[in-house]
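Have the sequence and the 3D view open side by side for this one. We'll take a walk through a fold and stop at some spots along the way.

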Amino acid sequence: MNLRIAHVVDRTEAEGPGVRTAIWTQGCSIRCPGCCNPELFGSRGGELYAVEALLARVVDAGTEGITLLGGEPLDQPESVTALARAARGKGLSVVVFSGYRYAEVERRAPDLLAAVDVLVDGPYDAAQPEDGPRARRWVGSRNQQLHFLGTRYGLADFQGPNTVELRLRPDGVMINGWPHR
Ligand code: SF4
């Protein structure tokens, strides 16, 4: 089974709690106005990556878990479910950012949420930016909700300043993280 991905950062501290492997899926059918990743909208770009190979890469990276973001992970529900379940099977944590609401995530991928530690759901709303002293880390807009589905993480893990990371790569500079607060 393959997952179409845009890119991977093997070890990052800017895409969820702790040190994580961040995986940006390619393709998003939601297309929120003001999205910061419009280059990931198209479902034909990126690279097809075997789920087994992706899991092996994550294990090699030695991180505490994966963060799935995009693009829209739930536009590839079977592959995302397979990866999340396999990651959990290795004792890794799973954080998912989706533009779909919880109920739609559940409808699209009935077996996914049992393998997810944190789901951040809902479309990005540029009219309600997540800001101010109580802003939740890594969350784009106030309408989006955090769902803690296990005991591994809680709200305290989503507090504190956002950060940005820069990496020099053969094809240019890779920037990830959140530039706002
Ligand atoms: S769901 Fe996410 S990737 Fe898709 S348009 Fe909205 S913010 Fe962008």
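Just past helix H1, Gly62 takes a positive phi of about 70°. The model here is predicted, so local features need pLDDT of at least 70 and side-chain atom pairs count only at pLDDT 80 or more, while totals for chains, interfaces and linings use all residues. Residues are numbered from 1 along each chain as its sequence is written, and side-chain values use heavy atoms, with hydrogens and water left out.

Which residues of helix H1 are buried? In this helix (residues 51–61), they are Val51, Leu54, Leu55, Val58 and Ala61. Seen down the axis of H1, these buried residues fall within an arc of 120°, so they line one face of the helix. "Buried" means under 20% relative accessible area, "exposed" means over 50%, and "partly exposed" is in between, using a 1.4 Å probe and protein chains only.

On the face of H1 turned away from the buried side you'll find the exposed residues Glu52 and Asp60. The buried residues are covered by parts including strand S1 (2–12), strand S2 (20–25), strand S3 (47–50), strand S4 (65–69) and helix H2 (77–89). Contact here means heavy atoms within 4.5 Å.

Now look at strand S5 (residues 93–97), where 5 of its 5 residues are buried. Ser93, Val95 and Phe97 point one way, Val94 and Val96 point the other way, and all are buried.

S5 pairs with S4 in the parallel sense over 4 bridges, and Thr67 stands opposite Val95. S5 also pairs with S6 in the parallel sense, over 3 bridges, with Leu119 in S6 as the bridge partner of Val96. Two strands count as paired if DSSP finds at least two bridges between them.

Most residues other than glycine have a negative phi, and most peptide bonds are trans. Arg31, in the loop between S2 and S3, has a positive phi near 55°. Arg31 is partly exposed, with a relative accessible area of 45%. Trp138 has a positive phi of about 70° although it is not a glycine. This tryptophan lies in the loop between S6 and S7 and is buried, at 1% relative accessible area. Then there's the peptide bond from Gly70 to Gly71, which is cis with omega near 15°; Gly71 is in the loop between S4 and H2.

**Charged side chains**

Side chains of opposite charge can pair when their charged atoms come close. A salt bridge is a side-chain nitrogen of Lys or Arg within 4 Å of a carboxyl oxygen of Asp or Glu, and by this rule the count comes to 10. Here are some of them:

| Pair | N to O distance |
|---|---|
| Asp75 and Arg108 | 3.5 Å |
| Arg107 and Glu104 | 2.9 Å |
| Glu104 and Arg108 | 2.9 Å |

These salt bridges share partners and join Asp75, Glu104, Arg107 and Arg108 into one network. Asp75 lies in the loop between S4 and H2 and Arg108 in helix H3, so that pair ties together parts that are 33 residues apart in sequence. Glu104 and Arg108, 4 residues apart in H3, are separated by about one helical turn. Arg107 is exposed at 57% relative accessible area, while Glu104 is partly exposed at 22%.

Finally, what about a charged residue without a salt bridge? Arg137, in the loop between strand S6 (118–121) and strand S7 (145–148), is buried yet has none. The nearest side chain of opposite charge, Glu13, is 6.9 Å away. (Lys and Arg count as positive and Asp and Glu as negative; His and the chain ends are not counted.) Not counting residues up to four places away in sequence, Arg137 touches Glu13, Phe158, Gln159, Gly160, Pro161, Asn162 and Thr163.

How values were computed
Helices (H or I, at least four residues) and strands (E, at least two) are DSSP runs, numbered from the N terminus. The arc is that of the directions from the helix axis to the C-beta atoms.
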